[in-house]
Amino acid sequence: MTKENEWGLRPLAPGEVNRLRELAAATTADLARSGLVIFDQENPHWETSAGGLRVEVDEFDDAAGGIWLHWEVHPSLREATSGALLGQRLDDPVIETAGRIHEQMASAILRMLGALGYIAEVSDDDYRPFAIKVLSAAV
């Protein structure tokens, strides 16, 4: 059994980590072939890119563990949205615009995954709004 770390999180067993990484690699390859720009451990520069899909592999044995896909908008929209939120301008239209974009992209990515044979679901995690969790690969 794997020991908990200092935050009380228990890493997945090595075999499960390998399975997740293989599923993430397959998902990444299929979505890249579909035309999406992908950012993952091999290409981590999403913060400075013009946008695209960020792949996150959470290797902990809890409800938040697994493969997560996040749509990343252009840095100018990210900065404007962050500025509005930090400035407590909750009625700023940029917040609604960014939310609509993330919602529509999550829906599109979910449909793409379904067309590719994957089983996935939209996040209900407050820390990962609009993210897609990949549950299994094509059969």
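I109 is a residue of helix α3, where helices (H or I, at least four residues) and strands (E, at least two) are DSSP runs numbered from the N terminus. The model is a predicted one, in which local features need pLDDT of at least 70 and side-chain atom pairs count only at pLDDT 80 or more, while totals for chains, interfaces and linings use all residues. Residues are numbered from 1 along each chain as its sequence is written, and side-chain values use heavy atoms, with hydrogens and water left out.

With a relative accessible area of 2%, I109 is buried, the term denoting under 20% relative accessible area, as against over 50% for exposed and values in between for partly exposed (1.4 Å probe, protein chains only). When residues up to four places away in sequence are not counted, I109 touches L53, L69, W71 and I132, contact being defined as heavy atoms within 4.5 Å. Of these, L53 is 56 residues from I109 in sequence, yet the two C-alpha atoms are 9.2 Å apart in space.

β3 and β5 (residues 132-136) pair in the antiparallel sense over three bridges, two strands being taken as paired if DSSP finds at least two bridges between them. The open sheet has five strands in the order β1-β2-β3-β5-β4, with mixed pairing; its edge strands, β1 (38-39) and β4 (119-122), each pair on one side only.

Helix α2 (residues 75-86) has 12 residues, which at 1.5 Å a residue should span 16 Å, in agreement with the 16 Å between its end C-alpha atoms; the expected span is 1.5 Å times one less than the number of residues. The buried residues of α2 are P75, L77, R78, T81 and A84, and they pack against β3 (66-72) and α3 (93-115). Just after α2, Q88 takes a positive phi of about 55°.

The largest pocket holds about 440 Å³ of space. On a 1 Å grid over the protein atoms alone, a pocket is an open set of points with protein on both sides within 12 Å along at least five of seven lines, and lining residues have an atom within 4 Å of a point. Of the 20 lining residues, W71, E72, H102, P129 and F130 are the closest to the centre of the pocket. β3, α2 and α3 each supply at least two residues of this lining, with α2 giving the most, five residues.

Definitions and conventions. On a 1 Å grid over the protein atoms alone, a cavity is a set of points where a 1.4 Å probe fits but cannot get out, and a pocket is an open set with protein on both sides within 12 Å along at least five of seven lines; lining residues have an atom within 4 Å of a point. Grid points are joined across faces, edges and corners, and a volume is the space filled by probe spheres set on the points.
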